[in-house]
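Thanks for making time this morning.

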Amino acid sequence: MGFTLQNTSASVNIRERLDFSCAIFDRDGELVANAPHIPVHLGSMGESVKALITSQNGNIHFGDVFATNNPYNGGTHLPDITVITPVFIGSNEKPIFYVASRGHHADIGGITPGSMPSNSTSIEEEGILFNNFQLVENGIFREAETLSLLGSSEYPARNPSQNVADLQAQIAANECGVKELYQMVAHYGAVTVQSYMGHVRDNAELAIRKAIAQLAQTWGNENERKFIYPIDNGSQILVSVSLNQQELTAKIDFTGTSAQLPNNFNAPLAVCKAVVLYVFRTLVDDEIPLNAGCLVPLEIIVPEGSMLNPVYPAAVVAGNVETSQAIANTLYGALGVMAASQGSMNNFTFGSDRYQYYETICGGSGAGIDFDGTSAIQTHMTNSRLTDPEILEWRFPVLLEEFAIRANSGGDGKHKGGNGVIRKIKFLEPMTAAILSSSRAIAPFGLNGGESGAMGRNYVIRYDGDIDELASTATVQMKSGETFVIETPAGGGYGQTEFDLE
(Lines give C-alpha, C1' and ligand atoms only; values in the text may rest on other atoms or scores of the structure.)
Protein backbone atom coordinates (compact mmCIF):
# COMPACT_ATOMS: atom_id res chain seq x y z
CA MET A 1 0.00 0.00 0.00
CA GLY A 2 2.78 2.40 0.95
CA PHE A 3 4.76 1.88 -2.24
CA THR A 4 1.60 2.36 -4.32
CA LEU A 5 0.83 5.64 -2.55
CA GLN A 6 4.38 6.90 -2.96
CA ASN A 7 4.55 6.02 -6.65
CA THR A 8 1.16 7.41 -7.67
CA SER A 9 0.97 10.63 -5.60
CA ALA A 10 1.54 14.09 -7.07
CA SER A 11 2.80 16.26 -4.20
CA VAL A 12 6.41 16.49 -3.05
CA ASN A 13 5.10 16.07 0.48
CA ILE A 14 3.83 12.55 -0.11
CA ARG A 15 5.95 11.41 -3.04
CA GLU A 16 9.34 12.61 -1.79
CA ARG A 17 9.01 13.26 1.95
CA LEU A 18 6.90 10.12 2.51
CA ASP A 19 4.62 11.94 4.94
CA PHE A 20 1.95 9.25 4.89
CA SER A 21 0.92 6.02 6.60
CA CYS A 22 -0.97 2.86 5.64
CA ALA A 23 -2.63 0.28 7.87
CA ILE A 24 -5.15 -2.58 8.15
CA PHE A 25 -8.05 -2.71 10.64
CA ASP A 26 -10.53 -5.34 11.75
CA ARG A 27 -14.33 -5.16 11.45
CA ASP A 28 -14.51 -2.97 14.59
CA GLY A 29 -11.89 -0.50 13.37
CA GLU A 30 -9.14 -1.78 15.66
CA LEU A 31 -5.59 -1.47 14.31
CA VAL A 32 -4.18 -4.87 13.31
CA ALA A 33 -0.98 -4.05 11.43
CA ASN A 34 0.74 -1.21 9.64
CA ALA A 35 3.76 -0.33 7.56
CA PRO A 36 6.65 1.42 9.40
CA HIS A 37 5.43 4.88 8.55
CA ILE A 38 4.53 7.86 10.83
CA PRO A 39 3.90 6.91 14.50
CA VAL A 40 1.49 9.78 15.21
CA HIS A 41 -0.62 8.66 12.24
CA LEU A 42 -0.58 4.97 13.02
CA GLY A 43 -1.67 5.17 16.62
CA SER A 44 -4.58 7.47 15.82
CA MET A 45 -5.99 6.14 12.53
CA GLY A 46 -8.07 3.50 14.29
CA GLU A 47 -10.01 6.30 16.00
CA SER A 48 -10.91 7.66 12.55
CA VAL A 49 -12.06 4.25 11.32
CA LYS A 50 -14.18 3.68 14.44
CA ALA A 51 -15.69 7.17 14.09
CA LEU A 52 -16.67 6.35 10.49
CA ILE A 53 -18.30 3.06 11.54
CA THR A 54 -20.31 4.85 14.23
CA SER A 55 -21.40 7.77 12.04
CA GLN A 56 -22.50 5.63 9.11
CA ASN A 57 -24.42 3.23 11.39
CA GLY A 58 -24.23 0.30 9.01
CA ASN A 59 -24.73 2.41 5.89
CA ILE A 60 -21.43 1.36 4.29
CA HIS A 61 -21.57 -0.50 0.97
CA PHE A 62 -19.28 -2.27 -1.45
CA GLY A 63 -17.65 0.34 -3.70
CA ASP A 64 -17.67 3.11 -1.05
CA VAL A 65 -14.58 5.05 0.02
CA PHE A 66 -14.58 7.80 2.66
CA ALA A 67 -12.25 10.64 3.67
CA THR A 68 -11.87 12.33 7.04
CA ASN A 69 -9.52 14.74 8.77
CA ASN A 70 -11.80 15.75 11.67
CA PRO A 71 -9.52 16.37 14.69
CA TYR A 72 -12.40 15.89 17.12
CA ASN A 73 -13.33 12.53 15.61
CA GLY A 74 -10.09 10.58 15.35
CA GLY A 75 -8.11 12.98 13.15
CA THR A 76 -4.83 14.70 13.96
CA HIS A 77 -4.82 18.00 12.07
CA LEU A 78 -6.49 19.10 8.84
CA PRO A 79 -3.60 18.51 6.38
CA ASP A 80 -3.65 14.82 7.38
CA ILE A 81 -6.51 13.33 5.35
CA THR A 82 -7.39 9.70 6.05
CA VAL A 83 -8.93 7.70 3.20
CA ILE A 84 -10.82 4.61 4.41
CA THR A 85 -11.97 1.68 2.26
CA PRO A 86 -14.23 -1.07 3.65
CA VAL A 87 -13.45 -4.64 2.64
CA PHE A 88 -16.35 -7.01 1.95
CA ILE A 89 -15.81 -10.75 1.66
CA GLY A 90 -18.26 -13.04 -0.13
CA SER A 91 -21.91 -12.39 0.71
CA ASN A 92 -21.22 -10.44 3.91
CA GLU A 93 -23.45 -7.38 4.10
CA LYS A 94 -21.04 -5.61 6.47
CA PRO A 95 -17.29 -5.06 6.04
CA ILE A 96 -15.08 -7.56 7.82
CA PHE A 97 -11.91 -5.49 7.38
CA TYR A 98 -10.97 -1.88 6.64
CA VAL A 99 -7.85 -0.51 4.99
CA ALA A 100 -6.79 3.12 5.36
CA SER A 101 -4.11 5.53 4.25
CA ARG A 102 -3.36 8.89 5.84
CA GLY A 103 -1.45 11.47 3.83
CA HIS A 104 -0.29 14.96 4.77
CA HIS A 105 -1.53 17.19 1.96
CA ALA A 106 0.76 20.06 0.96
CA ASP A 107 -2.13 22.52 1.31
CA ILE A 108 -5.71 22.14 2.51
CA GLY A 109 -6.57 25.84 2.75
CA GLY A 110 -6.37 28.00 5.83
CA ILE A 111 -4.84 31.41 6.45
CA THR A 112 -1.30 30.58 5.23
CA PRO A 113 0.07 28.56 2.29
CA GLY A 114 0.92 25.03 3.39
CA SER A 115 -1.92 24.96 5.95
CA MET A 116 0.40 25.03 8.97
CA PRO A 117 -0.28 28.56 10.26
CA SER A 118 1.75 29.75 13.23
CA ASN A 119 -1.03 31.96 14.58
CA SER A 120 -4.35 30.15 14.04
CA THR A 121 -6.84 30.35 16.90
CA SER A 122 -9.73 28.26 15.49
CA ILE A 123 -10.08 25.20 13.29
CA GLU A 124 -11.69 27.27 10.50
CA GLU A 125 -8.40 29.15 10.01
CA GLU A 126 -6.53 25.90 9.42
CA GLY A 127 -8.28 24.63 6.30
CA ILE A 128 -11.05 22.46 4.86
CA LEU A 129 -12.77 19.94 7.14
CA PHE A 130 -13.53 16.47 5.72
CA ASN A 131 -15.97 14.79 8.11
CA ASN A 132 -16.51 11.24 6.84
CA PHE A 133 -16.94 12.64 3.35
CA GLN A 134 -17.81 10.06 0.70
CA LEU A 135 -15.05 10.14 -1.93
CA VAL A 136 -16.23 7.15 -3.95
CA GLU A 137 -19.80 5.91 -4.36
CA ASN A 138 -20.50 2.59 -6.04
CA GLY A 139 -16.96 2.62 -7.47
CA ILE A 140 -17.28 6.14 -8.97
CA PHE A 141 -14.96 8.91 -7.76
CA ARG A 142 -17.03 11.96 -6.78
CA GLU A 143 -14.67 14.53 -8.28
CA ALA A 144 -17.15 17.41 -8.64
CA GLU A 145 -18.34 17.07 -5.05
CA THR A 146 -14.74 16.82 -3.79
CA LEU A 147 -13.65 19.96 -5.67
CA SER A 148 -16.72 21.75 -4.34
CA LEU A 149 -15.77 20.88 -0.77
CA LEU A 150 -12.16 21.98 -1.31
CA GLY A 151 -13.40 25.38 -2.43
CA SER A 152 -16.16 25.79 0.13
CA SER A 153 -14.40 27.64 2.95
CA GLU A 154 -13.51 31.26 3.57
CA TYR A 155 -9.95 29.93 3.26
CA PRO A 156 -10.19 27.36 0.41
CA ALA A 157 -7.52 24.93 -0.74
CA ARG A 158 -4.95 26.67 -2.96
CA ASN A 159 -4.19 23.74 -5.26
CA PRO A 160 -7.30 21.54 -5.38
CA SER A 161 -6.14 19.58 -8.43
CA GLN A 162 -3.12 18.38 -6.41
CA ASN A 163 -5.41 17.44 -3.53
CA VAL A 164 -7.54 15.39 -5.91
CA ALA A 165 -4.47 13.67 -7.37
CA ASP A 166 -3.19 12.73 -3.91
CA LEU A 167 -6.63 11.54 -2.79
CA GLN A 168 -6.82 9.33 -5.88
CA ALA A 169 -3.37 7.96 -5.00
CA GLN A 170 -4.65 7.13 -1.52
CA ILE A 171 -7.66 5.37 -3.04
CA ALA A 172 -5.27 3.36 -5.24
CA ALA A 173 -3.13 2.45 -2.23
CA ASN A 174 -6.21 1.23 -0.39
CA GLU A 175 -7.31 -0.79 -3.40
CA CYS A 176 -3.91 -2.48 -3.36
CA GLY A 177 -4.55 -3.42 0.28
CA VAL A 178 -8.03 -4.72 -0.55
CA LYS A 179 -6.64 -6.98 -3.29
CA GLU A 180 -3.94 -8.35 -0.97
CA LEU A 181 -6.55 -9.14 1.68
CA TYR A 182 -8.70 -10.88 -0.94
CA GLN A 183 -5.71 -13.03 -1.90
CA MET A 184 -5.00 -13.84 1.74
CA VAL A 185 -8.61 -14.84 2.37
CA ALA A 186 -8.70 -16.90 -0.81
CA HIS A 187 -5.63 -18.81 0.35
CA TYR A 188 -6.33 -19.25 4.08
CA GLY A 189 -10.07 -18.61 4.42
CA ALA A 190 -11.81 -15.69 6.11
CA VAL A 191 -12.16 -17.44 9.48
CA THR A 192 -8.45 -18.18 9.69
CA VAL A 193 -7.44 -14.65 8.66
CA GLN A 194 -9.76 -13.10 11.22
CA SER A 195 -8.50 -15.50 13.90
CA TYR A 196 -4.90 -14.56 13.23
CA MET A 197 -5.77 -10.87 13.38
CA GLY A 198 -6.95 -11.64 16.91
CA HIS A 199 -3.78 -13.61 17.66
CA VAL A 200 -1.61 -10.68 16.55
CA ARG A 201 -3.42 -8.33 18.94
CA ASP A 202 -3.32 -10.88 21.79
CA ASN A 203 0.42 -11.29 21.29
CA ALA A 204 0.92 -7.52 21.41
CA GLU A 205 -1.05 -7.33 24.65
CA LEU A 206 1.17 -9.99 26.23
CA ALA A 207 4.30 -8.19 25.04
CA ILE A 208 3.18 -4.94 26.69
CA ARG A 209 2.37 -6.76 29.95
CA LYS A 210 5.87 -8.27 29.86
CA ALA A 211 7.35 -4.79 29.34
CA ILE A 212 5.34 -3.47 32.31
CA ALA A 213 6.71 -6.31 34.46
CA GLN A 214 10.27 -5.41 33.48
CA LEU A 215 9.60 -1.73 34.13
CA ALA A 216 8.21 -2.56 37.57
CA GLN A 217 11.44 -4.37 38.44
CA THR A 218 13.52 -1.28 37.64
CA TRP A 219 11.20 0.92 39.72
CA GLY A 220 11.62 -1.27 42.79
CA ASN A 221 9.16 -0.25 45.51
CA GLU A 222 7.78 2.66 43.48
CA ASN A 223 4.33 2.24 41.97
CA GLU A 224 3.84 5.78 40.64
CA ARG A 225 5.99 8.42 38.99
CA LYS A 226 5.06 11.93 37.89
CA PHE A 227 6.69 14.29 35.43
CA ILE A 228 5.99 17.89 34.40
CA TYR A 229 7.07 19.13 30.97
CA PRO A 230 6.97 22.93 30.43
CA ILE A 231 6.37 24.22 26.90
CA ASP A 232 7.70 27.42 25.32
CA ASN A 233 4.25 29.09 25.28
CA GLY A 234 3.80 28.79 29.05
CA SER A 235 1.61 25.69 29.09
CA GLN A 236 2.59 22.37 30.64
CA ILE A 237 1.99 18.65 30.36
CA LEU A 238 1.71 16.72 33.60
CA VAL A 239 1.58 12.95 33.61
CA SER A 240 1.31 10.38 36.38
CA VAL A 241 2.23 6.81 35.46
CA SER A 242 1.07 4.11 37.89
CA LEU A 243 1.95 0.42 37.61
CA ASN A 244 -0.15 -2.47 38.90
CA GLN A 245 2.40 -5.25 39.35
CA GLN A 246 -0.22 -7.92 40.08
CA GLU A 247 -2.35 -7.33 36.99
CA LEU A 248 0.55 -6.06 34.85
CA THR A 249 -1.33 -2.93 33.83
CA ALA A 250 -0.47 0.75 33.78
CA LYS A 251 -2.52 3.89 34.31
CA ILE A 252 -1.42 7.01 32.44
CA ASP A 253 -3.15 10.07 33.90
CA PHE A 254 -2.74 13.53 32.37
CA THR A 255 -4.79 15.32 35.02
CA GLY A 256 -3.04 18.60 35.83
CA THR A 257 -2.12 19.33 32.22
CA SER A 258 -2.93 22.86 31.03
CA ALA A 259 -6.46 23.66 29.93
CA GLN A 260 -7.38 24.06 26.26
CA LEU A 261 -5.20 26.81 24.76
CA PRO A 262 -6.14 29.91 22.73
CA ASN A 263 -3.34 29.01 20.27
CA ASN A 264 -2.95 25.95 18.02
CA PHE A 265 -0.90 23.72 20.35
CA ASN A 266 -3.99 21.74 21.39
CA ALA A 267 -3.54 18.04 20.60
CA PRO A 268 -6.62 15.98 19.70
CA LEU A 269 -7.31 13.03 21.99
CA ALA A 270 -6.38 10.60 19.21
CA VAL A 271 -2.90 12.14 19.12
CA CYS A 272 -2.43 11.70 22.85
CA LYS A 273 -3.47 8.04 22.61
CA ALA A 274 -1.12 7.55 19.65
CA VAL A 275 1.83 8.81 21.70
CA VAL A 276 1.03 6.53 24.64
CA LEU A 277 0.79 3.59 22.24
CA TYR A 278 4.10 4.52 20.61
CA VAL A 279 6.02 4.97 23.88
CA PHE A 280 4.89 1.69 25.39
CA ARG A 281 5.52 -0.12 22.10
CA THR A 282 9.15 1.08 22.23
CA LEU A 283 9.55 -0.61 25.62
CA VAL A 284 9.02 -3.98 23.91
CA ASP A 285 12.13 -5.71 22.56
CA ASP A 286 10.18 -8.26 20.52
CA GLU A 287 9.38 -7.77 16.84
CA ILE A 288 5.63 -7.15 17.05
CA PRO A 289 3.46 -4.96 14.82
CA LEU A 290 2.10 -1.81 16.42
CA ASN A 291 -1.59 -2.56 16.97
CA ALA A 292 -4.58 -2.06 19.23
CA GLY A 293 -3.58 -4.97 21.45
CA CYS A 294 -0.80 -2.80 22.87
CA LEU A 295 -3.45 -0.56 24.47
CA VAL A 296 -5.36 -3.29 26.33
CA PRO A 297 -3.21 -3.20 29.52
CA LEU A 298 -3.17 0.62 29.52
CA GLU A 299 -5.72 2.95 31.12
CA ILE A 300 -5.42 6.46 29.68
CA ILE A 301 -7.03 9.41 31.48
CA VAL A 302 -7.14 12.74 29.63
CA PRO A 303 -9.49 15.41 31.03
CA GLU A 304 -11.88 16.82 28.44
CA GLY A 305 -11.23 20.48 27.73
CA SER A 306 -7.51 20.15 28.40
CA MET A 307 -4.89 20.88 25.75
CA LEU A 308 -4.66 17.11 25.15
CA ASN A 309 -8.41 16.64 24.70
CA PRO A 310 -9.72 19.90 23.20
CA VAL A 311 -13.26 20.61 22.08
CA TYR A 312 -14.48 22.37 18.94
CA PRO A 313 -13.48 24.90 17.61
CA ALA A 314 -9.99 24.63 19.11
CA ALA A 315 -7.05 25.18 16.75
CA VAL A 316 -4.94 22.01 16.61
CA VAL A 317 -2.42 22.23 13.78
CA ALA A 318 0.61 22.33 16.12
CA GLY A 319 -0.86 19.80 18.53
CA ASN A 320 -0.26 16.94 16.11
CA VAL A 321 3.33 17.88 15.32
CA GLU A 322 4.66 19.75 18.37
CA THR A 323 2.57 18.76 21.38
CA SER A 324 2.84 15.10 20.38
CA GLN A 325 6.62 15.38 20.70
CA ALA A 326 6.22 17.02 24.10
CA ILE A 327 3.94 14.18 25.27
CA ALA A 328 6.54 11.63 24.21
CA ASN A 329 9.30 13.41 26.12
CA THR A 330 7.03 13.73 29.16
CA LEU A 331 6.30 10.00 29.20
CA TYR A 332 9.94 9.02 28.76
CA GLY A 333 10.84 11.42 31.57
CA ALA A 334 8.25 9.84 33.87
CA LEU A 335 9.39 6.32 32.98
CA GLY A 336 13.02 7.38 33.56
CA VAL A 337 14.37 5.55 30.52
CA MET A 338 15.36 8.35 28.14
CA ALA A 339 16.30 12.04 28.17
CA ALA A 340 14.35 14.48 26.05
CA SER A 341 14.76 14.36 22.30
CA GLN A 342 14.51 17.62 20.38
CA GLY A 343 10.84 17.99 21.33
CA SER A 344 9.88 19.49 17.97
CA MET A 345 9.28 18.58 14.36
CA ASN A 346 10.50 22.06 13.30
CA ASN A 347 7.61 22.52 10.87
CA PHE A 348 8.65 24.85 8.07
CA THR A 349 6.20 25.95 5.40
CA PHE A 350 6.47 28.44 2.59
CA GLY A 351 4.42 29.31 -0.42
CA SER A 352 2.20 31.57 -2.45
CA ASP A 353 -0.85 31.09 -4.64
CA ARG A 354 1.42 29.12 -7.00
CA TYR A 355 3.68 27.18 -4.64
CA GLN A 356 3.03 25.36 -1.37
CA TYR A 357 5.69 23.39 0.50
CA TYR A 358 6.02 21.82 3.94
CA GLU A 359 8.83 19.98 5.66
CA THR A 360 9.79 18.77 9.10
CA ILE A 361 13.45 19.01 10.06
CA CYS A 362 15.50 16.49 12.01
CA GLY A 363 17.37 17.17 15.25
CA GLY A 364 18.96 15.34 18.15
CA SER A 365 17.50 12.38 20.01
CA GLY A 366 17.89 11.93 23.75
CA ALA A 367 20.40 9.63 25.42
CA GLY A 368 19.29 6.66 27.52
CA ILE A 369 20.45 4.32 30.23
CA ASP A 370 22.91 2.52 27.95
CA PHE A 371 23.07 4.50 24.70
CA ASP A 372 24.02 7.88 23.27
CA GLY A 373 21.51 10.00 21.40
CA THR A 374 21.61 10.18 17.60
CA SER A 375 22.40 13.33 15.64
CA ALA A 376 20.32 14.71 12.76
CA ILE A 377 17.43 12.27 12.99
CA GLN A 378 13.64 12.47 12.94
CA THR A 379 12.54 11.61 16.45
CA HIS A 380 9.56 9.89 18.06
CA MET A 381 6.25 10.84 16.47
CA THR A 382 7.55 11.66 13.01
CA ASN A 383 9.37 9.47 10.54
CA SER A 384 9.44 11.41 7.27
CA ARG A 385 12.28 12.18 4.90
CA LEU A 386 13.59 15.55 3.88
CA THR A 387 13.14 16.38 0.22
CA ASP A 388 16.29 15.83 -1.81
CA PRO A 389 18.00 19.19 -2.56
CA GLU A 390 17.74 18.60 -6.29
CA ILE A 391 13.99 18.02 -6.10
CA LEU A 392 13.48 20.95 -3.71
CA GLU A 393 15.32 23.40 -5.97
CA TRP A 394 13.72 22.00 -9.14
CA ARG A 395 10.14 22.23 -7.89
CA PHE A 396 10.40 25.49 -5.91
CA PRO A 397 12.20 28.86 -6.40
CA VAL A 398 14.57 28.37 -3.45
CA LEU A 399 18.24 27.55 -2.90
CA LEU A 400 19.41 25.22 -0.13
CA GLU A 401 22.46 27.12 1.14
CA GLU A 402 23.39 24.85 4.05
CA PHE A 403 22.28 21.66 5.74
CA ALA A 404 24.75 20.56 8.40
CA ILE A 405 25.05 18.96 11.82
CA ARG A 406 25.06 21.51 14.65
CA ALA A 407 28.30 20.46 16.32
CA ASN A 408 28.50 20.01 20.11
CA SER A 409 24.83 20.87 20.67
CA GLY A 410 23.87 17.57 22.33
CA GLY A 411 23.65 17.48 26.13
CA ASP A 412 26.68 16.11 27.98
CA GLY A 413 26.47 13.11 30.28
CA LYS A 414 27.67 9.57 30.71
CA HIS A 415 25.74 9.12 27.49
CA LYS A 416 25.61 12.19 25.26
CA GLY A 417 22.53 13.57 23.53
CA GLY A 418 22.40 13.74 19.75
CA ASN A 419 23.22 16.97 17.89
CA GLY A 420 20.72 19.13 16.08
CA VAL A 421 21.16 20.54 12.57
CA ILE A 422 21.44 23.89 10.79
CA ARG A 423 19.28 24.43 7.70
CA LYS A 424 19.45 27.57 5.55
CA ILE A 425 17.05 28.17 2.65
CA LYS A 426 17.41 31.23 0.41
CA PHE A 427 14.29 32.47 -1.39
CA LEU A 428 14.51 33.38 -5.08
CA GLU A 429 10.98 34.80 -5.22
CA PRO A 430 8.85 36.65 -2.66
CA MET A 431 6.85 34.19 -0.56
CA THR A 432 5.21 33.74 2.83
CA ALA A 433 7.15 31.50 5.22
CA ALA A 434 6.06 30.12 8.57
CA ILE A 435 7.74 28.20 11.37
CA LEU A 436 5.97 26.09 13.97
CA SER A 437 8.49 24.83 16.49
CA SER A 438 9.29 24.20 20.15
CA SER A 439 12.31 23.99 22.46
CA ARG A 440 13.32 27.55 21.54
CA ALA A 441 12.81 28.93 25.07
CA ILE A 442 13.09 25.74 27.17
CA ALA A 443 15.90 23.29 26.50
CA PRO A 444 15.35 19.52 26.06
CA PHE A 445 15.99 18.04 29.50
CA GLY A 446 18.73 15.66 30.55
CA LEU A 447 18.06 12.77 32.94
CA ASN A 448 19.84 11.32 35.98
CA GLY A 449 22.48 14.04 36.04
CA GLY A 450 22.79 14.47 32.27
CA GLU A 451 22.79 17.99 30.84
CA SER A 452 20.13 19.58 28.67
CA GLY A 453 20.50 19.70 24.90
CA ALA A 454 20.85 23.04 23.12
CA MET A 455 17.69 24.98 22.39
CA GLY A 456 16.68 25.61 18.80
CA ARG A 457 16.80 28.96 17.05
CA ASN A 458 14.87 30.54 14.15
CA TYR A 459 15.95 33.69 12.31
CA VAL A 460 15.92 35.44 8.94
CA ILE A 461 18.92 37.00 7.19
CA ARG A 462 17.46 39.97 5.37
CA TYR A 463 18.61 41.29 2.01
CA ASP A 464 20.66 44.05 3.71
CA GLY A 465 22.32 41.61 6.12
CA ASP A 466 20.14 42.42 9.13
CA ILE A 467 19.14 39.50 11.36
CA ASP A 468 15.49 39.12 12.40
CA GLU A 469 15.27 36.79 15.39
CA LEU A 470 12.03 34.78 15.44
CA ALA A 471 10.10 33.12 18.23
CA SER A 472 9.08 29.45 18.37
CA THR A 473 6.16 30.26 16.06
CA ALA A 474 6.27 32.99 13.43
CA THR A 475 5.00 33.97 9.99
CA VAL A 476 7.20 36.24 7.87
CA GLN A 477 7.25 37.70 4.38
CA MET A 478 10.38 36.69 2.50
CA LYS A 479 11.84 38.78 -0.31
CA SER A 480 14.01 37.48 -3.12
CA GLY A 481 17.56 36.96 -1.87
CA GLU A 482 16.63 36.57 1.81
CA THR A 483 17.49 33.44 3.84
CA PHE A 484 15.47 31.60 6.47
CA VAL A 485 17.67 29.82 9.02
CA ILE A 486 16.53 27.04 11.36
CA GLU A 487 18.83 25.59 14.01
CA THR A 488 17.10 22.56 15.46
CA PRO A 489 17.25 21.48 19.12
CA ALA A 490 19.55 18.75 20.41
CA GLY A 491 18.90 15.77 22.66
CA GLY A 492 19.51 15.73 26.39
CA GLY A 493 22.29 13.71 28.01
CA TYR A 494 21.82 10.80 30.43
CA GLY A 495 23.82 10.19 33.61
CA GLN A 496 26.70 12.09 35.13
CA THR A 497 30.08 12.15 33.42
CA GLU A 498 33.11 10.64 35.12
CA PHE A 499 34.42 14.18 35.65
CA ASP A 500 31.20 15.18 37.45
CA LEU A 501 31.36 12.06 39.62
CA GLU A 502 34.89 12.96 40.75
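This is a predicted model: local features need pLDDT of at least 70, side-chain atom pairs count only at pLDDT 80 or more; totals for chains, interfaces and linings use all residues.

Let me begin with a question: is Leu248 buried, partly exposed or exposed? With a relative accessible area of 26%, Leu248 is partly exposed, where buried means under 20% relative accessible area, exposed means over 50%, and partly exposed is what lies in between, using a 1.4 Å probe and protein chains only. Residues are numbered from 1 along each chain as its sequence is written, and side-chain values use heavy atoms, with hydrogens and water left out.

Staying with the backbone, most residues other than glycine have a negative phi, and most peptide bonds are trans. Leu248, however, has a positive phi, near 55°, and sits in the loop between strand 9 (236-244) and strand 10 (249-253); helices (H or I, at least four residues) and strands (E, at least two) are DSSP runs, numbered from the N terminus. Asn132, which is not a glycine either, has a positive phi of about 50°, and it is found in the loop between strand 5 and strand 6. Asn132 is buried, with a relative accessible area of 11%. Then there is the peptide bond from Tyr312 to Pro313, which is cis, with omega near 5°; Pro313 belongs to the loop between strand 11 (298-301) and helix 9.

One more loop residue deserves a moment, namely Gly450, located between strand 16 (431-436) and strand 17 (457-461) and buried at a relative accessible area of 14%. Once neighbours within four places in sequence are set aside, Gly450 is in contact (heavy atoms within 4.5 Å) with Asp412, Gly413, Gly493, Tyr494, Gly495 and Gln496. Its C-alpha atom is separated by 7.9 Å from that of Lys416, 34 residues apart along the chain.

Now to strand 5, residues 97-104, where 8 of the 8 residues are buried, so the strand is largely enclosed by the rest of the structure. Phe97, Val99, Ser101 and Gly103 point one way, whereas Tyr98, Ala100, Arg102 and His104 point the other way, and all are buried. Two strands pair if DSSP finds at least two bridges between them. Strand 1 (residues 20-26) is joined to strand 5 by 7 bridges, running antiparallel, with Ala23 opposite Ala100. Strand 4 (residues 80-87) is also antiparallel to strand 5, with 8 bridges, and there Ile81 has Gly103 as its bridge partner.

Helix 5 (residues 143-150) has Thr146, Leu149 and Leu150 buried. Seen down the helix axis, the buried residues fall within an arc of 100°, so they line one face of helix 5, the arc being that of the directions from the axis to the C-beta atoms. Their cover includes strand 6 (133-137), strand 7 (140-141) and helix 6 (160-188).

Grid points are joined across faces, edges and corners, and a volume is the space filled by probe spheres set on the points.

The largest pocket holds about 430 Å³, and of its 19 lining residues, the closest to the centre are Tyr278, Thr282, Tyr332, Met338 and His380. The second largest pocket has a volume of about 320 Å³; 15 residues line it, and Leu215, Thr218, Leu283, Val337 and Ile369 are the closest to its centre.

As for cavities, the search of the whole structure finds 1 of 30 Å³ or more. The largest cavity has a volume of about 90 Å³, and of the 16 residues lining it, Asp19, Val321, Met345, Tyr358 and Thr382 are the closest to its centre. Helix 3 (39-42) and helix 9 are the elements that give two or more residues to this cavity's lining.

Definitions and conventions. On a 1 Å grid over the protein atoms alone, a cavity is a set of points where a 1.4 Å probe fits but cannot get out, and a pocket is an open set with protein on both sides within 12 Å along at least five of seven lines; lining residues have an atom within 4 Å of a point.
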